[in-house]
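Trainee: Please pick one part of this model and go through it closely. I want the contacts residue by residue, and then how that part sits in the whole.

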Amino acid sequence: MQFGLLGTGFQLFGYEEKLQSNPLQHLFEVYVQVNKEAADDKSVAKAAQEFFQRLELGDVQALSLWQKFRDLSIEEYIRVYKKRNGCSRSLWEWRPLLNLYCNAK
């Protein structure tokens, strides 16, 4: 359901330019805003449920948005981890070992 909120929130409040320039911050801001709206407006909560259902059913548009968010988030996490700890992408893919590796350096 969380991605349903994020997908709906991005459709309502998201900006492609902000997403490209600072993906994690913008997705966080969108998520906070849509959660507030969904608490006050049942139609927003319903739209989030419907978005999530579309995602589960393999809707191309919903999956495409999810993939974009995922790719941008991973790229940003890699940049941050690499800057802080010298971790590489191959280590990101082995996430359970990431902290162990980074803390051993």
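Mentor: Buried means under 20% relative accessible area, exposed over 50%, and partly exposed in between (1.4 Å probe, protein chains only). By that rule, 31% of the 105 residues count as buried. The model is predicted, so local features need pLDDT of at least 70 and side-chain atom pairs 80 or more, while totals for chains, interfaces and linings use all residues. Numbering starts from 1 along each chain as its sequence is written, and side-chain values use heavy atoms, without hydrogens or water.

Start with the layout. The protein has 7 helices and 0 strands; these are DSSP runs numbered from the N terminus, helices (H or I) of at least four residues and strands (E) of at least two. From the N terminus the order reads α-α-α-α-α-α-α. Now contacts, meaning heavy atoms within 4.5 Å. Take those between residues at least 6 apart in sequence: 52% of them join residues at least 24 apart.

Two packed helices are described by the angle between their axes and the distance between the axes. Axes here are lines fitted to C-alpha atoms, for helices over the stretch in contact, with angles from 0 to 180 degrees between N-to-C directions.

Look at helix 3 as a partner. From helix 1, the contact draws on Gln 2, Leu 5, Leu 6, Thr 8, Gly 9, Phe 10 and Phe 13. Helix 3 answers with His 26, Leu 27, Val 30, Tyr 31, Gln 33, Val 34, Asn 35, Glu 37 and Ala 38. By class, the contact of helix 1 with helix 3 holds 9 nonpolar, 6 polar and 1 charged residue. Ala, Val, Leu, Ile, Met, Phe, Trp, Tyr, Cys and Pro count as nonpolar, Asp, Glu, Lys and Arg as charged, and the others, Gly among them, as polar.

Stay with Glu 37. Glu 37 sits in helix 3 and is partly exposed at 34% relative accessibility. Leaving out residues up to four places away in sequence, Glu 37 touches Phe 13 and Val 44. Phe 13 belongs to helix 1, and Val 44 to helix 4. Glu 37 and Leu 5 are 32 residues apart in sequence, and their C-alpha atoms lie 10.0 Å apart in space.

Next, helix 4, residues 42-56. The axes of helix 1 and helix 4 come within 7 Å and cross at roughly 115 degrees. Helix 1 and helix 4 are therefore also roughly perpendicular. On the helix 1 side you find Phe 3, Gly 4, Leu 5, Gly 7, Thr 8, Gln 11 and Leu 12. On the helix 4 side are Val 44, Ala 47, Ala 48, Phe 51, Phe 52 and Leu 55. This contact of helix 1 with helix 4 divides into 9 nonpolar, 4 polar and no charged residues. Notice Leu 5 and Thr 8: they take part in the contact with helix 3 and in the contact with helix 4.

Now step away from helix 1. Leu 27, named above in helix 3, is touched by Ser 73, as is Leu 24, again not counting residues up to four places away in sequence. Ser 73 lies in helix 5 and counts as buried at 14% relative accessibility.

The structure holds 5 salt bridges, each a side-chain nitrogen of Lys or Arg within 4 Å of a carboxyl oxygen of Asp or Glu. In one of them, Lys 68 meets Glu 16 at 3.0 Å, N to O. Lys 68 lies in helix 5 (residues 60-85) and Glu 16 in helix 2 (residues 16-21), so the pair ties together parts 52 residues apart in sequence. Lys 68 is partly exposed at 30%, and Glu 16 is partly exposed at 31%.

Another bridge links Arg 79 and Glu 76, with the closest N and O atoms 2.7 Å apart. These residues lie in helix 5, 3 residues apart, about one turn of the helix. Arg 79 is partly exposed at 44%, whereas Glu 76 is buried at 15%. Asp 59 pairs with Arg 54 at 3.4 Å between the closest N and O atoms. Asp 59 has a relative accessible area of 27%, and Arg 54 is partly exposed at 29%.

Technical notes: Angles under 35 degrees count as roughly parallel, over 145 as roughly antiparallel, 65 to 115 as roughly perpendicular and the rest as oblique.
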